[in-house]
Amino acid sequence: MKAAETALRLVLAAALALGAGTACAAGRAAAGSDGPLCRGYSGVPQGFAATGDAEPNRAGLVAVKGGSFTMGSRDGYPEEREPHRVQVQDFLIDRHEVTNAQFAAFVKATGYVTRAQRPLDAWAYPGVPRERLVPSSVVFVPPQRPTPAYGWWQLVPGADWRHPRGPGSGIEGLENHPVVHVAYEDAQAYAHWLGRELPSEAQWEYAARGGRDGAAYPWGNTPAVQGRAMANSWQGRFPFEDDGADGHAGTAPVGCFEANGFGLVDVVGNVWEWTRDRWRERHAQDGADNPMEVRLAQAEAPRGTQPRVIKGGSFLCAPDFCVRYRPASRQPQDPLLATQHLGFRTVINLR
Ligand SMILES: [Ca+2]
Ligand SMILES: [Ca+2]
């Protein structure tokens, strides 16, 4: 594979995460008033620390009572079908997306180096000259003129979680923003450090719905409420200008928008979030396929590019391009690929 093809593959994989699609028009929303955390928040919940020998760390987690719900939707994109009943057990889940400050604490304690900070693996990119296998990640670069779809993604050497827009950028002042440029194994390593897991897709969607079974959004069926933005998405002409009418161009500090019915913030919008589940083009059509039976990924270190499911859309989702800031929305993501619009949150399973 030529280096250019490799870069294209990476960019295309990132494009998969953004998703194609025409979309219904959404009303312009005024900036929401600051939510429960937001600008004054350090990004680190009280009691946050590495797991002890016996118990996982529970700081920043919300208890979710299990139950049954309708997973998927018939009203969205084809991959959201078919809606089907799913049962989940009680679990705990992060109230907010993992922040830069939390990930920094993990790195400081462990010395962990993320995939984007390491040279690309030759096994994953056969035929690519060694000098091209440099640490790099995929960055959103607004084009100056009309460009083919996904041409706004660029593989940038030196882009990583500490440099979200590439060399010269940084995370100073962004401690309470979601961490980005984390690959699947990076998210998994962080979760295990706390004695936790990545959520299954079913857990994530159940938590995101916040008890509003069947609703299009965590707050109801309209993209805004009384003209008030409810999540960090894109306003303006995509992909040229994000005018930040919702109060935030790019990522936002966690918790600037209203919490859902379970107390979670930014489940939809802000950044996409990893789940541990492997991608399937469609949901199973019957409830007998209980996603909680999927084996936990505790011991698994993925080698290869079998996609995983990511959920919830991001600050790049626009009403005229990708209406995926909804609980049912889902996309495949190359587990090796870190990008600027993808983060995660963690769970503890109570079984
Ligand atoms: Ca925004
Ligand atoms: Ca999110």
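Predicted model: local features only at pLDDT ≥ 70, side-chain atom pairs only at ≥ 80, totals over all residues.
**Entry 1. Confidence**

Residues are numbered from 1 along each chain as its sequence is written, while chains are lettered from A and ligands numbered from 1 in the order in which they are written.

I found a mean pLDDT of 86 for the protein, with 84% of the residues scoring at least 70. Confidence is lowest in helix α1 (residues 3-18), at a mean of 43, and highest in strand β12 (residues 342-343), at 98.

**Entry 2. Overall content**

I recorded four helices and 13 strands; helices (H or I, at least four residues) and strands (E, at least two) are DSSP runs, numbered from the N terminus. Of the 351 residues, 47% count as buried. A residue is buried if 20 or more other C-beta atoms lie within 10 Å of its own, exposed if 12 or fewer, and partly exposed in between, with C-beta atoms placed from the backbone. Among contacts with a separation of 6 or more, 77% join residues 24 or more positions apart.

**Entry 3. Sheet β1-β4-β13**

I traced an open sheet of three strands in the order β1-β4-β13, with antiparallel pairing. Its edge strands are β1 (61-64) and β13 (347-349), each of which pairs on one side only. Two strands pair if DSSP finds at least two bridges between them. Four bridges join β1 to β4, and leucine 61 has aspartate 94 in β4 as its bridge partner. Three bridges join β4 (residues 91-94) to β13; leucine 92 stands opposite isoleucine 348 there.

**Entry 4. Sheet β11-β10-β9-β12**

I then followed an open sheet of four strands, ordered β11-β10-β9-β12, with mixed pairing. β11 (330-333) and β12 stand at the edges with a single partner strand each, so one side of each lacks a neighbour in the sheet. β9 (residues 272-278) and β10 (residues 308-311) pair in the antiparallel sense over three bridges.

Which residue of β10 does glutamate 273 stand opposite? I found lysine 311. Lysine 311 is buried, with 26 other C-beta atoms within 10 Å. Leaving out residues up to four places away in sequence, lysine 311 touches Glu201, Trp204, Glu205, Trp272, Glu273, Thr275, Ser329 and Arg330. Glutamate 205 is 106 residues from lysine 311 in sequence, and their C-alpha atoms are 7.9 Å apart.

I listed Asn100, Gln102, Phe103, Phe106 and Val107 as buried in helix α2 (residues 100-110). Seen down the axis of α2, these fall within an arc of 165°, so they line one face of the helix; the arc is that of the directions from the helix axis to the C-beta atoms. The buried residues pack against α3 (184-193), while the face turned away from them carries the exposed residues Lys108 and Ala109. Glycine 111 follows α2 with a positive phi, near 75°.

The largest nonpolar core has 75 residues, of which Val182, Ala187 and Ala207 touch the most other members. Such a core is a set of buried Ala, Val, Leu, Ile, Met, Phe, Trp, Tyr and Cys residues joined through C-beta atoms within 7 Å. Apart from neighbours within four places in sequence, valine 182 is in contact with Thr114, Trp161, Ala187, Ala338, Gly343 and Phe344.

**Entry 5. Backbone exceptions**

Most residues other than glycine have a negative phi, and most peptide bonds are trans. I noted a cis bond from arginine 81 to glutamate 82, with omega near -5°; glutamate 82 lies in the loop between β2 (67-71) and β3 (84-88). The bond from phenylalanine 238 to proline 239 is cis, with omega near 5°, and proline 239 lies in the loop between β8 (228-229) and β9.

Glutamine 226 has a positive phi of about 50° and lies in the loop between β7 (224-225) and β8. Asparagine 270, in the loop between β8 and β9, has a phi near 70°. Are these two residues buried or exposed? Glutamine 226 is exposed, with 7 other C-beta atoms within 10 Å, whereas asparagine 270 is buried, with 31 C-beta neighbours inside 10 Å.

Key: Contact = placed C-beta atoms within 7 Å. pLDDT = per-residue confidence, 0-100.
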